[in-house]
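Good morning, and thank you for making time for this item. I would ask you to keep the sequence and the model in view while I speak.

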Amino acid sequence: MIYGVDMTQAVPMTELWRGSLLESLHLGHAVICDDRGQIVRSWGDPNAIIYPRSSAKMIQALPLITSGAAAKYGLNSEHLALACASHNGAHIHTDRVSAWLDHLGLSELDLRCGPQEPADMAARDGLILADDTPCQIHNNCSGKHSGFLTLAQHMGAGPEYLEIDHPVQQACLSAIEETTGETSPTYGIDGCSAPNFATSLVGLARSMAWFASAADRSDRSSEAAVQLTAAMVKHPELVAGETRACTELMRAMNGRVAIKTGAEAVFVAIIPEKRMGVALKITDGTTRASECAIAAILVSLGVLAADHPATRKFMNATQYSRRGLECGVIKPAPDFPG
């Protein structure tokens, strides 16, 4: 069976205008689910099968807590935020990951995520000035992988924690299937070399609604979900970094909502006050479009102010030439979110 995002049913979500011409149009799918896992609203095909990519990091971090590993190794809210992060590789990220690994008696060599040039300009320039090269700690997923290593060490499992049959990845698969309410149909290898388990878009939204309503339940998994959501909104700078949509929009919502991006234009939101979860996917994989689309949905739900300076960086955002001339705008499509 062939899986993939259904482009034929995708709907217009984000437009880029330059002058009087519509220069680019981004189509996608999106779903809002309630605390019963039911669809509140959807656009496009809610059953589209996608890789959630890094938007699933909160789900992948659940076993870190439910296993007892987080408590055993004294992990705090900063560690948990980093376990959910796609960070910029700034010093606030890499220093904490380095200290985490040291606390485990491990090193950068124990990571399996691969090196990555930091997105943070100061960190990147610092490496250049020092005639140094990026290492695995700079990888935007090094916090997630530190969580994997913590869980593996707690389990007494082997060092190759990315193997599909490794107990760490089997625990992640169980968490994905538990929270989405679905059997994952397949998996792919993410940019950080970890397995990424596919799900339907509605399944991903259902998982986010499960997180959003976790405070209503008292089981161990739900308590872990509350901790992870709280860590994200408490430390938005660790989840992504300065100038990033995740960080800036979470700050703009004052801890009311946790949001997380994923590669190839996936975005999710956890909205505890409404017991709702949101998931979206832009079919062409363009991040600027997913950032605009998630902002538009959050504004429509009344949890993000349309005129907040952070919102205006990603939705109804003026585009400028390199000389600073106004030349265009990126905005939601006319009927989205409607």
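This is a predicted model: local features need pLDDT of at least 70, side-chain atom pairs count only at pLDDT 80 or more; totals for chains, interfaces and linings use all residues.

Tyr 320 stands opposite Glu 326 in strand 12. That strand covers residues 326-332, and strand 11, residues 317-320, pairs with strand 12 in the antiparallel sense over 4 bridges. Here two strands are said to pair if DSSP finds at least two bridges between them. Strands are DSSP runs of E with at least two residues, helices are runs of H or I with at least four, and both are numbered from the N terminus. Strand 11 and strand 12 form a hairpin with 5 residues between them, and Gly 324 in the turn has a positive phi of about 90 degrees.

Residues are numbered from 1 along each chain as its sequence is written, and side-chain values use heavy atoms, with hydrogens and water left out.

Strand 12 also pairs with strand 1, in the antiparallel sense, over 5 bridges. Within this pairing, Leu 16 stands opposite Ile 330, and the bridge partner of Glu 15 is Lys 331. Strand 1, residues 11-18, is in turn joined by 7 bridges to strand 2, residues 21-33, and these two run antiparallel. Pro 12 stands opposite Leu 27 of strand 2. Strand 1 and strand 2 form a hairpin with 2 residues between them, where Gly 19 in the turn has a positive phi of about 65 degrees.

I turn now to the helices. The axes of helix 1, residues 57-66, and helix 7 come within 8 Å and cross at roughly 120 degrees. Axes are lines fitted to C-alpha atoms, for helices over the stretch in contact, and angles run from 0 to 180 degrees between N-to-C directions. From helix 1, the contact is made by Ile 59, Gln 60, Leu 62 and Pro 63; from helix 7, by Ala 171, Cys 172, Ala 175, Ile 176 and Thr 179. Contact means heavy atoms within 4.5 Å.

Next, the aromatic rings. Rings of Phe, Tyr and Trp (its six-membered ring) pair if their centres lie within 6.5 Å; planes under 30 degrees apart count as stacked, over 60 as edge-to-face and the rest as tilted. How many aromatic pairs does this rule give? The count comes to 4. One of them is the tilted pair of Phe 148 and Tyr 161, with 5.9 Å centre to centre and 55 degrees between the planes. Phe 148 lies in helix 6 (residues 142-155) and Tyr 161 in the loop between helix 6 and helix 7 (167-180), 13 residues apart. Both Phe 148 and Tyr 161 are buried, that is, under 20% relative accessible area, with exposed meaning over 50% and partly exposed in between (1.4 Å probe, protein chains only).

Tyr 187 and Phe 197 also form a tilted pair, at 6.1 Å centre to centre and 55 degrees between the planes. Tyr 187 lies in strand 5 (residues 187-189) and Phe 197 in strand 6 (residues 195-197), so the pair ties together parts that are 10 residues apart in sequence. Tyr 187 counts as partly exposed because its relative accessibility is 39%, whereas Phe 197, at 5%, counts as buried.
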